[in-house]
Amino acid sequence: MTRIFDALRKVQGRPAPEAARPVPTPVPPLPPQRVSPARALEPDRTARLRQSVVRVHAMAPLPEDVLREMTTLRVSLEAALLDHVPRVIMFVSSQGGEGTTAIASQFAFTVAQDRRLRVLIVDAHARRPAFDRAHGPDGSLAHPIAAGAAGGGESVDVLPLAAEHRDSAMIAPGVARDVVAALGPAYDWVLFDGPPVLESPDAATLAAIADGTVIVVHAGRTKRPVLARTVDLLRKTGARPLGTVLNRRRLEIPEFIYRRI
């Protein structure tokens, strides 16, 4: 018994062992989405897609605040998709009329200010094509790409895919994958101007083929439950929402004061 008591005293006199500190587990980056070699397209299909692409030139400079916001968005997307070449982004909204086409176009021309980068916009809203097949005498699209694009001679390419699927009122995910497979290697950015998620059955499945999705939100119109439903549908189909863009925001006080707050 004496030996047992002596052993207990020795144990009690020792300092308690330090608890192990939790080590944060780093979140591994998503691997870049690559087009499977088995999905190589037939040469004639690839050629038809390339022939449908139209070069659109800038017509007017973007306002400084828009240019600044689009540059911030570009930095955020580049940080989220470091290893993706090309970067395939789907621009969508919850409902129609929230300004998806304008935001996608403004972003495209902002990126195009870097002459080293090649940008393609894919019109993927089959129910309401933003870009018409008809071309002007100078080779530009009949429908203006955006109200106010970045000046300085920038240009982007546009694929009016929606006009080809106007009758079916939807675009299959396989068609979008074909576009990425055929045209993606020639560009640094492939931007899909997608349909509203809550109004178009093909919107969420189309978003799943992109590296990431940007949701355009109409300030003062889109309700929080509506936006939450949109994000939920996108995630259920495997899409990756990267963030939102607040469109048509109204400032109650001068903007320079907001920047100082």
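Phe-107 is buried, with a relative accessible area of 0%. The model is a predicted one. Phe-91 is also buried, and its relative accessible area is 0%. Trp-189 is buried too.

**Aromatic pairs**

Two aromatic pairs turn up in a search of the whole structure.

| Pair | Centre to centre | Angle between planes | Type |
|---|---|---|---|
| Phe-91 and Phe-107 | 5.8 Å | 50° | tilted |
| Phe-107 and Trp-189 | 5.4 Å | 75° | edge-to-face |

Why is the Phe-91 and Phe-107 pair tilted? Planes under 30 degrees apart count as stacked and those over 60 as edge-to-face, with the rest tilted. The planes of Phe-91 and Phe-107 stand at 50°, so this pair is tilted.

Both pairs bridge the sequence. Phe-91 sits in strand 2 (residues 87-93) and Phe-107 in helix 4 (residues 100-111), 16 residues apart. Trp-189 belongs to strand 5 (residues 189-193) and Phe-107 to helix 4, so their pair ties together parts 82 residues apart in sequence. Ring pairs join Phe-91, Phe-107 and Trp-189 into a cluster.

**Nonpolar cores**

How many residues does the largest nonpolar core have? It has 33. Among those with the most contacts inside it are Leu-120, Leu-159, Leu-183 and Phe-192. Several elements each supply at least two residues of this core, including strand 2, strand 3 (119-123) and helix 8 (224-236). Helix 6 gives the most, with six residues.

Now take Leu-183. Neighbours within four places in sequence aside, Leu-183 is in contact with Leu-49, Arg-50, Val-53, Leu-120 and Leu-159.

A second, separate core has 25 residues. Phe-91 is one of them, and Ala-130, Val-214 and Val-245 are also included.

Note on methods:
Residues are numbered from 1 along each chain as its sequence is written. This is a predicted model: local features need pLDDT of at least 70, side-chain atom pairs count only at pLDDT 80 or more; totals for chains, interfaces and linings use all residues. Side-chain values use heavy atoms; hydrogens and water are left out. Rings of Phe, Tyr and Trp (its six-membered ring) pair if their centres lie within 6.5 Å; planes under 30 degrees apart count as stacked, over 60 as edge-to-face and the rest as tilted. Helices (H or I, at least four residues) and strands (E, at least two) are DSSP runs, numbered from the N terminus. Buried means under 20% relative accessible area, exposed over 50%, partly exposed in between (1.4 Å probe, protein chains only). A nonpolar core is a set of buried Ala, Val, Leu, Ile, Met, Phe, Trp, Tyr and Cys residues joined through side-chain atoms within 4.5 Å. Contact means heavy atoms within 4.5 Å.
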